[in-house]
Amino acid sequence: MTYYHAREGFFTRFERVDKSELIDVPAGNYTINKLLFGDVHNFYSKDHLDYGLGAYAGVYSFPVALKAVYGNNPLTFGVFLRTRPSKK
């Protein structure tokens with residue numbers, strides 16, 4: 001889901017996946033959940049393209065059996081440059 005306000009785009013995303021090919025964990029199927037929050041600031045528009053700089057942070061939940069490998073509270077952080085067709 002994305003909420004746009006002026007030149008900002010605030011977004012959130014939820015992912016739920018079942019993984020069976022994880023490395024260094026007991027064999028099995030594991031359900032992993034990820035919740036991501038972020039923002040993109042459109043800083044430039046030209047030739048029907050918008051350019052934005054963004055950042056996000058993600059948190060995870062997963063079965064107790066994976067905590068020894070992935071820790072108690074793993075986080076994801078990222079920064080990105082986005083180019084997309086202009087909405088105007």
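This is a predicted model: local features need pLDDT of at least 70, side-chain atom pairs count only at pLDDT 80 or more; totals for chains, interfaces and linings use all residues.
View 1. What does Arg84 pair up with? Its partner is Asp50, and the two form a salt bridge whose closest N and O atoms are 3.9 Å apart. This pair links distant parts of the chain: Asp50 belongs to strand S4 and Arg84 to strand S5, with 34 residues separating them. Is Asp50 buried or exposed? With a relative accessibility of 7%, Asp50 counts as buried, because the cut-off is under 20%.

View 2. Side chains of opposite charge can pair when their charged atoms come close. How many salt bridges does a search of the whole structure find? The tally is 3. One of them brings together the side chains of Glu15 and Arg13, at 3.0 Å from N to O. Glu15 has 26% relative accessibility, so call this one partly exposed. Another salt bridge joins Lys19 to Glu21, and here the closest N and O atoms are 3.7 Å apart. Lys19 sits at 30% relative accessibility, which makes it partly exposed. Glu21, at 55%, counts as exposed.

**View 3. Glu8, a buried charge with no salt bridge.** Now head over to strand S2, which covers residues 8–19 and includes Glu8. Glu8 is buried, yet it has no salt bridge. How far away is the nearest side chain of opposite charge? That side chain belongs to Arg7, and the distance is 7.3 Å. What does the side chain of Glu8 make a polar contact with? Look for the side chain of His41, at 2.4 Å. Leaving aside residues up to four places away in sequence, Glu8 touches Tyr3, Asp39, Val40 and His41.

**View 4. Asp47 and His48, in the loop between S3 and S4.** Strand S3 runs over residues 30–46 and strand S4 over 49–61, and Asp47 is found in the loop between them. His48 has its place in that loop between S3 and S4 too. Here's something to check on the backbone: Asp47 has a positive phi, about 55 degrees, even though it isn't a glycine. His48 isn't a glycine either, and its phi is also positive, at about 65 degrees. Are these residues buried or exposed? Asp47 has a relative accessible area of 63%, so it is exposed. His48 reaches 66% relative accessibility and therefore counts as exposed as well.

**View 5. A nonpolar patch on the surface.** Which residues form this patch? Pick out Phe43, Tyr44, Leu53, Val79 and Leu81, which together have about 540 Å² of accessible area.

Conventions:
Residues are numbered from 1 along each chain as its sequence is written. Side-chain values use heavy atoms; hydrogens and water are left out. Helices (H or I, at least four residues) and strands (E, at least two) are DSSP runs, numbered from the N terminus. Buried means under 20% relative accessible area, exposed over 50%, partly exposed in between (1.4 Å probe, protein chains only). Patches are made of residues with over 30% relative accessible area and no salt bridge: like charges are joined within 9 Å, nonpolar side chains (Val, Leu, Ile, Met, Phe, Trp, Tyr) within 5 Å. Accessible areas come from the Shrake-Rupley method with a 1.4 Å probe; for residues, only the protein chains shown count as cover. A salt bridge is a side-chain nitrogen of Lys or Arg within 4 Å of a carboxyl oxygen of Asp or Glu. Lys and Arg count as positive and Asp and Glu as negative; His and the chain ends are not counted. A polar contact is a pair of N or O atoms within 3.5 Å; within protein, one must be able to donate a hydrogen and the other to accept it, and residues adjacent in sequence count only if both atoms are side-chain atoms. Contact means heavy atoms within 4.5 Å.
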